[in-house]
Amino acid sequence: MNTKVSLAVHKFSSCDGCQLALLNMGSALVELAERVEIKHFAEAGVLNEEAQVDIALVEGSVVTKADEQRIRQVRQNSQYLITMGACATSGGIQALKNLAAEPEGWIEQIYPQPEFIDSLDRSSAIKAYVDVDLELWGCPINSKQITAVITQLLSGVVPWDDREKLCIECKRQGHVCTLITQAEPCMGPVTRNGCGALCPEFGRACYGCYGEAALANNSGLGKRFDGLGLLPLQIKQRFSLIHPDPSAVEPVDKQRRRGKA
Ligand code: SF4
Ligand code: SF4
């Protein structure tokens, strides 16, 4: 009898970067494949989208009616559903269209034949449609996050949702603070850890792609940015990178009741 934990990787609207992070696990992926049965992972050439699995990893946001139907089916077919990456957790780059007053205008500017584009008015996080058991933030996520979560699940441990602030990791690694030394509007004080302080390591300010940390003092950081000379609109734009659109993660059924979707 096969007692391996089964796993599927599903793609929705996205750039495939998080799936590539999985493939980039290298030898860890080979070890993982020995411990789990990969039932569906199109990027790796394994196809069985309808398979019932113990763990589903979902990349991408919901932007079409077909996406909506498919994610509901994926939820039904999965015991434990993990979203991975900014698109799946907050709508991603695609959610920029949620901010447009007239999204149709964007479509016409981008596509020569907009009549062939059949998308929903909004790009939404997966949790706007179905229950999600764990979110892995990042744009893209990294191999360490996936390895840690799968290892914990295989060990029967509830995965730890690391929402510690990025500054903690940045200080641990001894990076020079861009906020203090360069007066850069770094989002590290309110961004969750997970990337290992990648941007500050290279002297760049964090822009918050790993999402909001626990107990984030947003107003305090906003005041700090004000002190750096940022205009209110610039501060708002800086924070909108960490939360592209709060309604992107509001359950769609609730949005519909309010006439927003
Ligand atoms: S560079 Fe950014 S993340 Fe690092 S300590 Fe300074 S504010 Fe925090
Ligand atoms: S430092 Fe910030 S912007 Fe850069 S990868 Fe990490 S969370 Fe994302």
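Which residues surround ligand 2? In this predicted model, the shell of ligand 2 consists of Leu166, Thr191, Cys195, Cys199, Pro200, Cys206, Tyr207, Gly208, Cys209 and Tyr210. Sorted by class, eight of these residues are nonpolar, two are polar and none is charged.

Ligand 1 is surrounded by Leu166, Cys167, Cys170, Lys171, Cys177, Thr178, Leu179, Cys186, Gly188, Pro189 and Pro200. Two elements, α7 (166–172) and α8 (178–182), each give two or more residues to this shell. The largest share comes from α7, with four residues. The shell around ligand 1 holds eight nonpolar residues, two polar ones and one charged one.

**The sheet**

Five strands form an open sheet in the order β2-β1-β3-β4-β5, and their pairing is parallel. Strands β2 (36–41) and β5 (134–136) are at the edges with a single partner strand each, so one side of each has no neighbour in the sheet. On average, neighbouring strands are turned by 25° against each other, direction ignored. Helix α2 (residues 27–35) packs on the sheet and touches β1 (5–11) and β2. The direction of α2 makes about 105° with that of β2.

Gln19 belongs to helix α1 (residues 17–23). Is Gln19 buried or exposed? Its relative accessibility is 1%, and the limit for buried is under 20%, so Gln19 counts as buried. Leaving out residues up to four places away in sequence, Gln19 touches Val9, Lys11, Phe41, Glu43, Glu59 and Met84.

**Salt bridges**

The count of salt bridges comes to nine.

| Pair | N to O distance |
|---|---|
| Lys11 and Asp16 | 2.6 Å |
| Arg75 and Asp133 | 3.2 Å |
| Arg192 and Asp161 | 2.9 Å |

In the pair of Lys11 and Asp16, Asp16 is buried at 17% relative accessibility, whereas Lys11 is partly exposed at 31%.

Arg75 forms a salt bridge with Asp133. Arg75 lies in helix α3 (residues 65–76) and Asp133 in the loop between α5 (103–110) and β5, so this pair ties together parts that are 58 residues apart in sequence. Arg75 is buried at 18%, and Asp133 is partly exposed at 35%.

Arg192 forms a salt bridge with Asp161. Arg192 is in the loop between α8 and α9 (198–201) and Asp161 in the loop between α6 (143–154) and α7, so the parts tied together are 31 residues apart in sequence. Arg192 is buried at 7%, while Asp161 is partly exposed at 36%.

Glu49, Asp67 and Arg70 are joined into one network by salt bridges that share partners.

Key: Residues are numbered from 1 along each chain as its sequence is written. Chains are lettered from A and ligands numbered from 1 in the order in which they are written. This is a predicted model: local features need pLDDT of at least 70, side-chain atom pairs count only at pLDDT 80 or more; totals for chains, interfaces and linings use all residues. Side-chain values use heavy atoms; hydrogens and water are left out. A residue is near a molecule or strand if one of its heavy atoms lies within 4 Å of it. Ala, Val, Leu, Ile, Met, Phe, Trp, Tyr, Cys and Pro count as nonpolar, Asp, Glu, Lys and Arg as charged, and the others, Gly among them, as polar. Two strands pair if DSSP finds at least two bridges between them. Axes are lines fitted to C-alpha atoms, for helices over the stretch in contact, and angles run from 0 to 180 degrees between N-to-C directions. Contact means heavy atoms within 4.5 Å. Buried means under 20% relative accessible area, exposed over 50%, partly exposed in between (1.4 Å probe, protein chains only). A salt bridge is a side-chain nitrogen of Lys or Arg within 4 Å of a carboxyl oxygen of Asp or Glu.
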